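Please open the structure in a viewer and keep the sequence at hand.

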Amino acid sequence: MRRPNLRTQKRLAAAVLKCGERKIWLDPNEVNEISNANSRQNVRKLVKDGLIIRKPAAIHSRFRVRERAASKRLGRHTGPGKRKGTAEARMPTTVLWMRRMRVLRRLLRKYRESGKIDRHLYHELYMKSKGNVFKNKRVLMEYIHKAKAEKQRVKLLEDQAEAHRQKARAARERRANRVASKKEALRSGEEAK
């Protein structure tokens, strides 16, 4: 017995189930029942009865991709034989520079806003960053700590010098007063004679 042609039913089922014809499964045991279905309504009934089924989507596994990505993070599969572009094309120096500048400038902004550095030191460090003085954030932070310590040291020395100057000035004044009072005493003594 010749199998009836189910091409129309397959096309109608694909339209009803909103998928391609390759995803339609027609029950081979109910071929005669299916061949009688000549409208979308009949096809819907067959779908409801389970004689026509939409096949599940084929799985495209990501397992091997994930495995490879994990090993690439460990530095595998990145030798000279795997490289197509130049080092500049693979990781442009401009991008590296922009990243570094953004990191350094963000840190400087944060320090200025929190009051750790004043605007003068901020400007000085901003220009130094632009001039490629600091190769990363750690170096910049160390420089800031050193600069602040140096500033404190200079201030302490200046305060000490100022205190010393004031002390010397007071001593000079006391001495001048003593000399003046002695002269005054001598003069008054001579006048009394």
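Begin by selecting Asp159, which counts as partly exposed because its relative accessibility is 43%; here buried means under 20% relative accessible area, exposed over 50%, and partly exposed in between, with a 1.4 Å probe and protein chains only. The side chains of Asp159 and Lys155 meet in a salt bridge, at 3.7 Å from N to O. A salt bridge is a side-chain nitrogen of Lys or Arg within 4 Å of a carboxyl oxygen of Asp or Glu. Asp159 and Lys155 both belong to helix H8, where they are four residues apart, about one turn of the helix. Helices (H or I, at least four residues) and strands (E, at least two) are DSSP runs, numbered from the N terminus.

**Basis of the model**

The model is predicted: local features need pLDDT of at least 70 and side-chain atom pairs count only at pLDDT 80 or more, while totals for chains, interfaces and linings use all residues. Residues are numbered from 1 along each chain as its sequence is written, and side-chain values use heavy atoms, with hydrogens and water left out. If the viewer can colour by pLDDT, the predictor's confidence in each residue from 0 to 100, apply that colouring now. The protein averages a pLDDT of 94, and 98% of the residues score at least 70. Confidence is lowest in H8, at a mean of 90, and highest in H4, at 98.

**Further salt bridges**

How many salt bridges does the structure hold? There are seven. Glu162 is partly exposed, with a relative accessible area of 30%, and Arg165 is partly exposed at 44%.

Next, select Lys151 and Asp118, which form a salt bridge with their closest N and O atoms 3.1 Å apart. This pair links distant parts of the chain: Lys151 is in helix H8 (residues 137-192), Asp118 is in the loop between helix H6 (93-114) and helix H7 (119-130), and 33 residues separate them. Lys151 has a relative accessible area of 49% and is partly exposed; Asp118, at 30%, also counts as partly exposed.

**Helices H6 and H7**

Show H6 and H7 together. At what angle do H6 and H7 pack? The angle is about 175°, with the axes 10 Å apart. Axes are lines fitted to C-alpha atoms, for helices over the stretch in contact, and angles run from 0 to 180 degrees between N-to-C directions. H6 is therefore roughly antiparallel to H7, since angles under 35 degrees count as roughly parallel, over 145 as roughly antiparallel, 65 to 115 as roughly perpendicular and the rest as oblique. Residues making the contact (heavy atoms within 4.5 Å) include Trp97, Met101 and Leu108 of H6 and Tyr122, Leu125 and Tyr126 of H7.

**The nonpolar cores**

Turn now to the largest nonpolar core, which has 16 residues; those with the most contacts inside it are Ile24, Leu26, Ile34, Val43, Leu46 and Ile52. A nonpolar core is a set of buried Ala, Val, Leu, Ile, Met, Phe, Trp, Tyr and Cys residues joined through side-chain atoms within 4.5 Å. Helix H1 (7-17), strand S1 (24-26), helix H2 (31-36) and helix H3 (40-49) each give two or more residues to this core. H1 gives the most, with five residues. A second, separate core of 12 residues includes Met101, Tyr111, Ile117 and Tyr122.

Select Leu46 to see its contacts with Glu33, Ile34, Ala37, Leu51 and Ile52, not counting residues up to four places away in sequence. Then show H1 and H3, whose axes come within 9 Å and cross at roughly 75°. The two helices H1 and H3 are therefore roughly perpendicular to each other. Among the residues that meet are Leu12, Ala13 and Val16 in H1 and Val43, Arg44 and Val47 in H3.

Finally, select Ser71 in helix H4 (residues 63-73). Is Ser71 buried or partly exposed? At 17% relative accessibility, Ser71 counts as buried. Ser71 touches Arg76 and His77, leaving aside residues up to four places away in sequence.
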